[in-house]
Every structure is written in C-alpha cells, then in structure tokens.
Amino acid sequence: QTGMFTYDPGFTSTASCESQITYIDGDAGVLLYRGYPIEQLAENGDFLETCYLLLYGELPTAAQKADFDYRVTRHTMVHEQMSRFFHGFRRDAHPMAVMVASVGALSAFYHDSTDISDPQQRMIASIRMIAKMPTLAAMAYKYNIGQPFVYPQNDLDYASNFLRMCFSVPCEEYKANPILSRAIDRIFILHADHEQNASTSTVRLAGSSGANPFACVAAGIACLWGPAHGGANEAALKMLGEIGSVDRIPEFIKRAKDKNDPFRLMGFGHRVYKNYDPRAKIMQRTCHEVLGELGIKDDPLLDIAVELERIALQDEYFIERKLYPNIDFYSGITLRALGFPTSMFTVLFALARAVGWIGQWKEMIEDPGQRIGRPRQLYTGAAQRDYVPIARRK
Ligand code: SDX
C-alpha cells in the first residue's frame, strides 16, 4: 500500500515519477514487483503470472491466471503482412534493429489498440505486446539465420512456444525441454521490470505525448540496445571471450580501474544497486542449471566469470565503489548455452521487459494528473548576443 516506504526528502525532490509497480533498495540489494520479492516470484511462479501481477497489481487466482494465459495465447500470431515487412531487411541486419522497426510497425496493423483514451484498448494493447514479442523475436532470429518462420503453437506454455519458434525446423520433430523452458521463463521474470531505468523512462516520456503504445515500446527497445544498458549482456559475453583465460583476469581488472582506459567490466556496476543485484544471483544459479541440463561440464567462459567476480569483489577499487555483478554478468553465458547467438541477447531482454514497459506506460496514462514530460535543463551556453553578417566574421 502507498506510504509503506518513506522516501528521504532528497530522493523525493529528485524523483522523476511516482509508481506502485517496482521497488528497488539499491543499498540492500532488494527488488520487489508489486511488493513481492523477485526471489519468490522467480522460484514459485511463471512469467505470465509476473505479467499479470505487474499489470493488475495482485497475484492472479487460478481462474484469473487461466483466463490471462488464454487471452495472451490467443494473440501470439502476428498479421501475415508482418512477415513481408521483415523481408525488407538484409539478412545480416542486427535483430535489435528489426525489433525496433517491427514493434513500431505493430501500430500500423492493430488500429483497435492504439486509442489510449479507451481502457479496453489500453488493456488489449498490453496483452498484444506480451503475446507478440516472442513471435517477433523468434521471427527476427529465424530471418537472421535464413530459416523459415515458425508459427506459434498455442498448446505450449509461453516459454516453450518461444523456444520452439526459435529452434524448431520444418524437417525435424521439436521436443520442448521443460528444464530449459523453465530456465528461459525464469530469465524473463528477472528481466520483466526494473523501476525507472533508461528504457522505461524513454517509454514513459514517449507515452506522455499520447503516442501509441507500440511506438512507445519501440522507443524503449531502441534505448535498451545501448551497451551501457540492455546491450551489456552481449558486451559481457564478448568481454569474457576477450579475456580468454583465467590467468589474464588481472590484466583486465587493471584496465577496468585505469581511468585512461575506456574498458569497463561489462555486467558489473549499476546506477542503483550498490550491493549485489538480486537478479544476478538467480541468473548464476540458472546458468549452472542450464549448463548441467545440457551436459556442459566446464564452460571456460563461466570459469572466467566466476573467477573474475571472486577477484573483483576482493579488490578495493570495486569494494570502495560498491561495484557488483548485475543481471547481465551471467545472462550471456546462459543464453549462449541455450543456443542463442550474442546478437539475440538484448532481444530476449526486450522481450521480457516489454511487460514492464507497457505496465509503466499504462500506469502513467491512467494517472489523472499525467502531463507531457518536459525534462528541464541547466543552460550553460552563450549569453544573448547580436547577429554578425558573414562578411564581418573573422
Ligand atoms: C542494466 O537502470 C537499470 O535498472 C538498468 C538495468 C535494468 O534492469 O533495466 O538494471 C539493466 O542496464 C544493468 C547495467 C548494465 N550495464 C553494464 O553492465 C555496463 C558496465 N557498467 C557500467 O557501464 C556502469 O556500472 C553503469 C553504466 C551500469 C553505471 O554507471 P555509473 O552510474 O557511472 O556507475 P557509478 O556512478 O556507480 O560509477 C562509480 C564509479 C566510477 O568511477 P569513479 O569516477 O568513482 O572513479 O565506478 C566506476 C565508474 O567509472 N565504474 C566502473 C564500472 N561501473 C562503474 N568501473 C569499472 N567497471 C565498471 N563496470
């Protein structure tokens, strides 16, 4: 209930918005979705239960969950013209470029969920966003590797449906692996929302102008793509590959501390967490589960990641600055083991975060006091001066 958490005046005066969806205590390493700890949601529920919670504010009853699952499942298909849209891209287009474009293009296909003044249309837009992100993400992957699109199969659960759309091929029988489906479903839960991060703030700012929800989420995807944000999972795996072996870790730790070296430990540090990112712990455990299920005994990159974390957490540079692994540190190793190329890592982050974006967009639109966003600036430019004709300029 509101008022549960008292903010210190300093924080309130700099808060950009009020929200009842997600609470982070960066110093304590706490993350709550509508008051429920991320550890308990990831352990006990599935991603669609988290979606329901984020959208409606309460955990669903069994009947509500069954109805919500059915409503989402009924919208997993995308308009057939969308597949023509994809064929305008080069095959080697980065899947995030395809996602920015195709999610924005949804507003050209689904006019019955773009009138933001209609509560019914706002909810159907939210359901469509959750339902169609896996289909578009799988299409972006299939297009990138030159394989035919695979339609959703709605007798599968959300995560299994997604993995099948990515990895099944017409010439072979695809069997979903429940352990791997559970793992990707849990990864979606971990990425679902995270308060006012850069991409969510982008969605809110875009939505404050009255833009349709699909266009707002496309703006969020564009922001998430950056390596300082959602692109860090791709960058972290590349970094582990660049380090290459455990004995080269000290060299990279040294570089990360050198102010003249732009190198940063990707997957480390956070604007808010000055303690261990609770999602990183669950991600590390999921990583070990996936590698175990796939019979991968020792993944050299995981060995490097675990040793890098151990060394960094004992180094006073990182201790002083309260730099800990964040959600992106172990996700890349896990997603690669599941069969995804690095170019798909941030797409999966966007797939999961779409519910957080649309939930925060909906909360803002439904706030009666909501006005167009207009960040203020501190002007540090030239004082007023008169125009100088070009002939007299030196
Ligand atoms: C996500 O906001 C969210 O919630 C985002 C996210 C979400 O769910 O939406 O959690 C997802 O984006 C996680 C973050 C993923 N990004 C990375 O892993 C990229 C690597 N991390 C850094 O780029 C950095 O930590 C940031 C961008 C995440 C935060 O940058 P800040 O705000 O500058 O970090 P800071 O203020 O805490 O830095 C304090 C000091 C600085 O050094 P000094 O000037 O004090 O000497 O720590 C240094 C920084 O240079 N530092 C690092 C570092 N991160 C910060 N030094 C080496 N390696 C790093 N990773």
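Reader: At what angle do α17 and α18 pack, and how far apart are their axes?

Author: The angle is about 110°, and the axes are 10 Å apart. That makes α17 roughly perpendicular to α18. Axes here are lines fitted to C-alpha atoms, for helices over the stretch in contact, with angles running from 0 to 180 degrees between N-to-C directions. Angles under 35 degrees count as roughly parallel, over 145 as roughly antiparallel, 65 to 115 as roughly perpendicular and the rest as oblique.

Reader: Before we go on, what sort of model is this, and what are the ground rules?

Author: It's a predicted model: local features need pLDDT of at least 70 and side-chain atom pairs count only at pLDDT 80 or more, while totals for chains, interfaces and linings use all residues. Numbering starts from 1 along each chain as its sequence is written, and side-chain values use heavy atoms, with hydrogens and water left out. As for elements, helices (H or I, at least four residues) and strands (E, at least two) are DSSP runs numbered from the N terminus.

Reader: OK, which residues make the α17 and α18 contact?

Author: From α17 you have Asp-328, Gly-332, Leu-335 and Arg-336, and from α18 Phe-345, Leu-348 and Phe-349. Contact means heavy atoms within 4.5 Å. By class that's four nonpolar, one polar and two charged residues. The classes go like this: Ala, Val, Leu, Ile, Met, Phe, Trp, Tyr, Cys and Pro are nonpolar, Asp, Glu, Lys and Arg are charged, and the others, Gly among them, are polar.

Reader: And α7 against α18, at what angle do they cross?

Author: Roughly 170°, with the axes coming within 9 Å. So α7, residues 119–145, is roughly antiparallel to α18.

Reader: Who's in that contact?

Author: On the α7 side there are Arg-122, Met-123, Ser-126, Met-129, Ile-130, Met-133, Pro-134 and Ala-137. The α18 side includes Val-347, Ala-350, Leu-351, Ala-354 and Trp-361. The class count for α7 with α18 is 14 nonpolar, one polar and two charged.

Reader: Switching to α12. Is that helix mostly covered or uncovered?

Author: Mostly covered, with nine of its 12 residues buried. Buried is under 20% relative accessible area, exposed is over 50% and partly exposed is in between (1.4 Å probe, protein chains only). Among the buried ones are Asn-233, Glu-234, Leu-237 and Met-239.

Reader: What do they pack against?

Author: The buried residues of α12 pack against α13 (249–257), α15 (300–312), α17 (328–338) and α18 (345–365). With α15 the angle is about 95° and the axes are 9 Å apart, so α12 is roughly perpendicular to α15. Leu-237, Met-239, Leu-240, Gly-241 and Ile-243 of α12 meet Leu-301, Ile-304, Ala-305 and Leu-308 of α15. That contact has eight nonpolar, one polar and no charged residues.

Reader: What about Thr-200, buried or exposed?

Author: Buried, with a relative accessible area of 0%. Thr-200 is in α10, and leaving aside neighbours within four places in sequence, it contacts Asp-193, Glu-195, Arg-353, Trp-357 and Gln-360.

Reader: Which β1 residues are on its covered face?

Author: Thr-22 and Ile-24, while Tyr-23 and Asp-25 are on the uncovered one. Ile-24 stands opposite Leu-31 in β2. The β1 and β2 hairpin has four residues between its strands, and Gly-29 in the turn has a positive phi of about 70°.

Technical notes. Two strands pair if DSSP finds at least two bridges between them.
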